[in-house]
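Please look over the structure below before reading on. The report then takes up its parts one by one.

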Amino acid sequence: MFSLDVRDVPSLTAGEQKQIWDLWEANMRSLVESSSFGWNPKKKRKELFHRNARFILVYDGDRAAQNGGTDRPIAFSMFRFERDQGEDLLYCYELQVSQAFRRSGLGHFLVDKLTEIGKHYGMSKIMLTVLKGNIDARRFYSKAGFELDPTSPEYESPSEELEELSDNGDEEATYDYEILSKVLR
């Protein structure tokens with residue numbers, strides 16, 4: 001049994017912010033260190049705890065009950081409502097599940113909740129950024145219905161693919177991340 005809490009940043013205590021940070025760091029530090037984003041805790045904390053950020057926090061209900069409801073989150077999603085290129089969207093900045101609870105359905109549960117929230121508020125899609133080196137996450141998002149978004153740096157429309165056939169061999173920049181989206185309407 002799991003319990004759920006939806007919170008904004010001002011309602012999080014310093015202790016809760018530390019728990020969220022600890023889960024993010026445990027899951028992502030090694031991936032981010034070797035990426036083009038690099039390890040920059042100050043910048044990441046600013047993004048993670050931005051005043052417009054919203055969190056869906058998931059707790060293991062049995063343990064939370066035993067500890068008076070003060071247990072650490074076992075999973076979370078951080079999202080914001082954004083407007084980009086004329087579209088209202090829900091941008092999922094983070095979706096993190098504790099190692100011990102992976103493959104339990106919590107990731108899909110969080111995507112379902114994000115989908116419900118996005119539809120409720122009239123968003124056209126959910127967007128997110130995923131590191132190419134995070135193979136498990138890329139596989140998960142594909143199964144959850146996410147596709148490469150046209151705003152992703154390496155997205156190619158069908159007309160661009162035809163142009164590529166007659167390409168003169170110029171080297172293009174490569175990126176270590178993708179922007180994915182899931183259409184809501």
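Glu116 and Lys113 both lie in helix H4, residues 106-120. They sit three residues apart, about one turn of the helix. Helices (H or I, at least four residues) and strands (E, at least two) are DSSP runs, numbered from the N terminus. The side chains of Glu116 and Lys113 meet in a salt bridge, 3.6 Å from N to O. A salt bridge is a side-chain nitrogen of Lys or Arg within 4 Å of a carboxyl oxygen of Asp or Glu. Glu116 counts as partly exposed at 47% relative accessibility. Lys113 is partly exposed too, at 23%. Here buried means under 20% relative accessible area, exposed means over 50%, and partly exposed lies in between (1.4 Å probe, protein chains only).

This is a predicted model: local features need pLDDT of at least 70, side-chain atom pairs count only at pLDDT 80 or more, and totals for chains, interfaces and linings use all residues. Residues are numbered from 1 along each chain as its sequence is written, and side-chain values use heavy atoms, with hydrogens and water left out.

How many salt bridges does the structure hold? The structure holds 16. One of them joins Glu33 and Arg29, at 2.9 Å from N to O. Both residues lie in helix H1, four residues apart, about one turn of the helix. Glu33 is partly exposed at 41% relative accessibility. Arg29 is partly exposed at 30%.

Glu82 forms a salt bridge with Arg80, with the closest N and O atoms 3.8 Å apart. A charge sits over a ring if NZ of Lys or CZ of Arg is within 6 Å of the ring centre and within 35 degrees of the ring normal.

## Paired strands

Strand E3 (residues 75-84) pairs with strand E2 (residues 54-60) in the antiparallel sense, over five bridges. Two strands pair if DSSP finds at least two bridges between them. Val58 has Ala75 in E3 as its bridge partner.

E3 also pairs with strand E4 (residues 87-97), again antiparallel, over 10 bridges. Phe81 stands opposite Leu90 in E4. E3 and E4 form a hairpin with two residues between them. In the turn, Gln85 has a positive phi of about 50°.

## Aromatic rings

A search of the whole structure finds 13 aromatic pairs. Rings of Phe, Tyr and Trp (its six-membered ring) pair if their centres lie within 6.5 Å; planes under 30 degrees apart count as stacked, over 60 as edge-to-face and the rest as tilted. Trp21 and Trp39 form a tilted pair, 6.0 Å centre to centre, with 45° between the planes. This pair links distant parts of the chain, 18 residues apart. Trp21 is in helix H1 (residues 14-33), and Trp39 is in the loop between H1 and helix H2 (41-48).

Trp21 is buried, with a relative accessible area of 3%. Trp39 is partly exposed at 26%. Ring pairs link Trp21, Trp24 and Trp39 into a cluster. Which residue puts its charged end over the ring of Trp21? Arg45 does, 4.0 Å from the ring centre.
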